[in-house]
Amino acid sequence: MGEVRERVKLENFVDRYLFEEGKINKDAIRNLEIQALVDTGSTRLVLPEDIVERLGLRKIGRVVVSYADERKEERDVCGAVMITIAERSTDSSCVVGPPLSEPLIGQVILEELDLIVDCNEQRLKPRPESPYLPLLKMKKVFEIWGYRLR
């Protein structure tokens, strides 16, 4: 088994929204296509600081990350970014890694896009149960502020 790397399209989500509202031109949407490492041991999307800056993502918080060697470190969280892999897209925040570090696709993105790692082909692919669109599980009964909705 080897490493799985995927071609990923990234867009500034706010720019996309402003385009959809007719406030900016399509060519003003900050975007990049990059190669990212699929890291099933990572929880979140991790983008290096230089990519975050090129996309113009804003800081929205901080988290403590734990590395494989047990070190812990505070890192910025920025967003929102639209990420597209295998013709499936979702919006997400990202943990900011050091400049020029490797972009990582973590479990949250894999779950939201309903993608699995194919170790034999060394790529991501849709789960067999959801070949066309992500399949997300939801409960039938919702509770909002103490009220049950059906």
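Which residues are linked in a network of salt bridges? Lys9, Glu11, Arg16 and Glu20 form this network, a salt bridge being a side-chain nitrogen of Lys or Arg within 4 Å of a carboxyl oxygen of Asp or Glu.

## Basis of the report

This is a predicted model, in which local features need pLDDT of at least 70, side-chain atom pairs count only at pLDDT 80 or more, and totals for chains, interfaces and linings use all residues. Residues are numbered from 1 along each chain as its sequence is written, and side-chain values use heavy atoms, with hydrogens and water left out.

## Nonpolar cores

The largest nonpolar core has 25 residues. Such a core is a set of buried Ala, Val, Leu, Ile, Met, Phe, Trp, Tyr and Cys residues joined through side-chain atoms within 4.5 Å; buried means under 20% relative accessible area, exposed over 50%, and partly exposed in between (1.4 Å probe, protein chains only). Val8, Leu10, Leu47, Leu57, Ile85 and Ile105 have the most contacts inside this core. At least two of its residues come from each of several elements, including strand S1 (5-12), helix H2 (49-55) and strand S5 (72-85). Helices (H or I, at least four residues) and strands (E, at least two) are DSSP runs, numbered from the N terminus.

## Salt bridges across the chain

The whole structure holds 16 salt bridges. In one of them, Arg5 pairs with Glu102, with the closest N and O atoms 2.1 Å apart. This pair links distant parts of the chain, 97 residues apart: Arg5 is in strand S1, and Glu102 is in the loop between S6 and strand S7 (104-105). Arg5 is partly exposed, at 32% relative accessible area, and Glu102 is partly exposed at 37%.

Asp114 forms a salt bridge with Arg127, the closest N and O atoms lying 2.4 Å apart. Because Asp114 lies in the loop between H3 and strand S8 (115-118) and Arg127 in the loop between S9 and strand S10 (142-144), the pair ties together parts that are 13 residues apart in sequence. Asp114 is buried, with a relative accessible area of 6%, whereas Arg127 is partly exposed at 23%.

## Surroundings of Arg123

Arg123 belongs to strand S9 (residues 123-126) and is partly exposed, at 34% relative accessibility. Not counting residues up to four places away in sequence, Arg123 touches Val4, Glu6, Ile116, Val117 and Asp118, where contact means heavy atoms within 4.5 Å.
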